[in-house]
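Here is a short briefing to read alongside the sequence and the structure. Keep both in view as you go through the points.

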Amino acid sequence: MVTIMQESTETLSRTNISVILKIDILVILTLICMLFLKELVLTHYEQYIFIKYDIKSDKSQILNVVIIPFLYIFFIVLIYKVVSAM
Amino acid sequence: MIKFKKTTQGLVKSDIVIYLFLVLFTLVAEIYTVLGYLFVCVSINILVLIMFIFLTFRKYNDYAYSLYLAITLIPLIRIISLSIPLTNVPQFLVFAVVGIPLFIAGAIVAKLLGLTANAMGFKLVKLQNQLLFGLMGLPLGYIEFLVLKPSLNYNPTPKETIVWAAVIILFTGLLEEFLYRGILYNVFSRLLGYKKAAYFTSILYAAMTVSGNSFLNTAYAFLLSVLFCRLFYELKSIWGLSFAHGLINVSLYIICPLCFTYL
C-alpha cells in the first residue's frame, strides 16, 4: 500500500532511467520556468502597494510547493552526475 | 475540526469536473508508467501540476482554492519518484530519499491552507485504541502480500532491516497519512462532507497504485483508504493510522518475503 514508490517505478529509478530518458532535464527546465514565474509574480505585485503583504507572500509561496522539491531533485541529479563521473 | 484561512461553501460542478479530469490524467499517466513510457508519464504529471498551480492562482479568493492547492501534491508524488536516480542509494533508504521532498511540499501546502497540526491529526488521543489499530497493519499487510507477492531483492543485515522498517514506517506510513488523510481528506471533508470526502480521497489514492500493475491491489488500496478515512474521522488522530499503514508495508516488503518466500 505505497503510492510514493511502486515496485515497478523503483526498478526503473534504479536503472537511472530518468537520466537516460532526459527526464531530469525536463524537471530542471520546469524548475527554471517556475523560478522565473516566481520573480514575475513578485515583480507584478510590487506595483500594487495596496495589496496586503500576506496575499503577496501566499501567492509567491504557492510556487514553492513546486520549486523546493524540484530543487531537491536538481541537487540529487547533480550529486549523481558528479559521483558517476568520478 | 479544521480551521481554514478561507470560508468554504462547497464545490461547484466545474470543480468536480476538474477533479475527474485529474483522476483520468493520473490513470493515463500510471498506465504509461506500466507500459514503460516514463517520459510521457512525467510530462503528463508536469502539465497537470502546472495546470493546478495556475488554477490555484486563479481561484485564490475562491472556496475551491484549498482543493486545487492540495491536489498539486498528487502529480508531484509521481514526478519525484520517477525523476530521482537511485542507483547508488541503498535499498533500505530509497523511501527516505523520495519521501523527504514530499514531506517538505506537504508542510508548505499545510501552512498555506492554514491547517494546524491538531487539525491534521498530530495529537495523541485514545492511545490504546490507536496502538491496537496500528497492530492491525500486520494481518492487513499479509493480505496485500498474498495479492502482490513482492520478492526480497537482497539480503539485508539485521541492522539494515531495523533501519529499513523504521524508514518504511516513517516515509510511507506517516508521510502518506499526512498527505492523504492529514491534508487531502481534511480539505475534501471541509468541501464535501466527511462521507463523500472519503471516496474522493480514496479514488485518488487508488489511482496512484495503478502502476503496481495489479487490479486486486488497486481495489484493496481503495477499500483500505476508505477505512482509514473513516477511522481518521473517528479517532481525529493520525498516529495510529500511520503506524498501521507503516506496519502494512513492513509486513509486505520485509516480514512476509522473509518468512514465506522459501516455503
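Predicted model: local features only at pLDDT ≥ 70, side-chain atom pairs only at ≥ 80, totals over all residues.

Chain B has eleven helices and zero strands. Its radius of gyration is 18 Å, close to the 18 Å that the globule rule gives for 263 residues, so chain B is as compact as a globular protein of that length.

**Overall fold of chain B**

- Along the sequence, the pattern of chain B reads α-α-α-α-α-α-α-α-α-α-α.
- Taken along the principal axes, the C-alpha atoms of chain B fill a box of roughly 55 × 45 × 30 Å.
- Of the 263 residues in chain B, 59% are buried.
- Take the contacts in chain B with a separation of 6 or more: 81% of them join residues 24 or more positions apart.

**Helices α2 and α4 of chain B**

- Two packed helices are described by the angle between their axes and the distance between the axes.
- Helix α2 of chain B spans residues 38-58, and helix α4 of chain B spans residues 73-83.
- Their axes lie 9 Å apart, at an angle of about 145 degrees.
- The crossing of α2(B) and α4(B) is left-handed.
- On the α2(B) side, the contact residues are B:L38, B:C41, B:V42, B:N45, B:I46, B:V48 and B:L49.
- On the α4(B) side, they are B:P75, B:L76, B:R78, B:I79 and B:L82.
- By class, this contact of α2(B) with α4(B) has ten nonpolar, one polar and one charged residues.

**Cysteines**

- A disulfide is a covalent bond between the sulfur atoms of two cysteines.
- How many disulfides does the structure hold over all chains? The count is zero.
- B:C41 is in no disulfide, and the nearest cysteine sulfur, that of A:C33, is 19 Å away.
- A disulfide needs the two sulfur atoms within 2.5 Å.
- B:C41 is one of the α2(B) residues that meet α4(B).
- The relative accessible area of B:C41 is 0%, so this residue is buried.
- B:C229 also counts as buried, because its relative accessibility is 0%.
- The cut-off for buried is under 20% relative accessible area.

**Positive phi in loops of chain B**

- B:K126 is not a glycine, yet its phi is positive, at about 45 degrees.
- B:K126 sits in the loop between α5 (94-113) and α6 (127-135) of chain B.
- B:K236 is a residue other than glycine with a positive phi, near 60 degrees.
- The loop that holds B:K236 runs between α10 (215-235) and α11 (239-260) of chain B.
- Is B:K236 buried or partly exposed? B:K236 is partly exposed, because its relative accessible area is 31%.

Technical notes. Residues numbered from 1 in each chain as written. Chains lettered and ligands numbered in written order. Heavy atoms only, no water. Axes fitted to C-alpha atoms, helices over the stretch in contact; angles between N-to-C directions. Helix = DSSP H or I, 4+ residues; strand = E, 2+ residues; numbered from the N terminus. Left-handed = near helix turned anticlockwise from the far one by under 90°. Contact = heavy atoms within 4.5 Å. Nonpolar A, V, L, I, M, F, W, Y, C, P; charged D, E, K, R; others polar. Buried < 20%, exposed > 50% of the residue type's maximum accessible area, 1.4 Å probe, protein only. Rg over C-alpha atoms; globule rule 2.2 N^0.38 Å.
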